[in-house]
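Here are my notes on this one, in the order I'd go through it on screen. Have the viewer open as you read.

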Amino acid sequence: MSRELIEVQGIIFKRQKYNEADLLAKIITQKNGILTMIAHGALKPKSKLGAALLNFSHGTYVISTTGQGISNLRTYKNIRQFDGIFNNLTMNAYASFILDLIDHAFVEYQNVGKYYDLAEFALQKIVEQSDPEMISQIVQMQLLAAYGVEPELHKCVVCGEKNGEFDYSIKYGGILCKQHFYTDAHRLHLQPKQTAVLRTIGLVPFQRLGTITINKDTKKATRRAIDQIYQETIDLNLKTKKFLDELNLLP
């Protein structure tokens, strides 16, 4: 296949050494999906390419590509960093997990649509010192659709009731009203407020979500619920998630 020279706008989120002086970098882009590019000589002392490929750099990259496989990075322009994330352990861990999660929902070069904006939203919120745990929960709930398991959060999956107390059922893939709790003995047994948080962060367009402040117990409950939903419906095994869990065990 013939190569073409194109500009892609995106966010760098993974990089690794390749051969003696080259770098492989993964980027999520606005229009060309997620792709891997090679930067020849980026690790040489006089090269400026390496600095443009730090994780959480974003801007315009000029690549030579066939639309599949590894693309070649030619040059770049208007590169910026999401300030503070790279050198902050906690912020870095959450940002890496969020982008890793989006990465695993798509194949390379598949258009990611609104999820590019979701990634950008999440990183900007982390930069602005929003609670990164809540940001990650928003991303996880809104990303379920991309994995093909979008939950029913508008109404009870059994009768269609939209008001009242609800719990979440992994078995039925959505919420159950109080009158139908009996249909799933293994529902998550969440408190009404906890289910309400899951519904809010899953349903409300992320651009409209302001600062979400919930108490520690509710946040722990929604974290356990989301982890269980992912484990039983998608079964991902991400190193970034494992590291984040280990980090959260620190005093």
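Predicted model: local features only at pLDDT ≥ 70, side-chain atom pairs only at ≥ 80, totals over all residues.

**Notes on the fold**

1. A core here is a set of buried Ala, Val, Leu, Ile, Met, Phe, Trp, Tyr and Cys residues joined through side-chain atoms within 4.5 Å, with buried meaning under 20% relative accessible area (1.4 Å probe, protein chains only).

2. Numbering starts from 1 along each chain as its sequence is written, and side-chain values use heavy atoms, leaving out hydrogens and water.

3. Now the sheet. Five strands make a closed barrel in the order β1-β2-β3-β5-β4, with mixed pairing; strands (E, at least two residues) and helices (H or I, at least four) are DSSP runs numbered from the N terminus, and pairing takes at least two DSSP bridges. From one strand to the next the twist averages 50°. Helix α2 packs on this sheet, touching β1, β2 (22-29) and β3 (34-39), and its direction makes about 120° with that of β1. Angles run from 0 to 180 degrees between N-to-C directions, with axes fitted to C-alpha atoms, for helices over the stretch in contact.

4. Have a look at β4 (residues 57-65), where nine of its nine residues are buried. Strand β4 pairs antiparallel with β1 (residues 4-18) over eight bridges, Leu5 having Ser64 as its bridge partner. With β5 (residues 71-81), β4 pairs antiparallel over seven bridges, and Val62 stands opposite Thr75. Five residues separate the strands of the β4-β5 hairpin, where Gly67 takes a positive phi near 90°.

5. Last, the helix pair. The axes of α4 (residues 132-143) and α5 (residues 192-203) come within 8 Å and cross at roughly 70°, so the two are roughly perpendicular (65 to 115 degrees). Among the residues making the contact are Met134 and Ile138 of α4 and Leu198 and Ile201 of α5.

Note on methods. Buried < 20%, exposed > 50% of the residue type's maximum accessible area, 1.4 Å probe, protein only. Parallel < 35°, antiparallel > 145°, perpendicular 65-115°, else oblique. Contact = heavy atoms within 4.5 Å.
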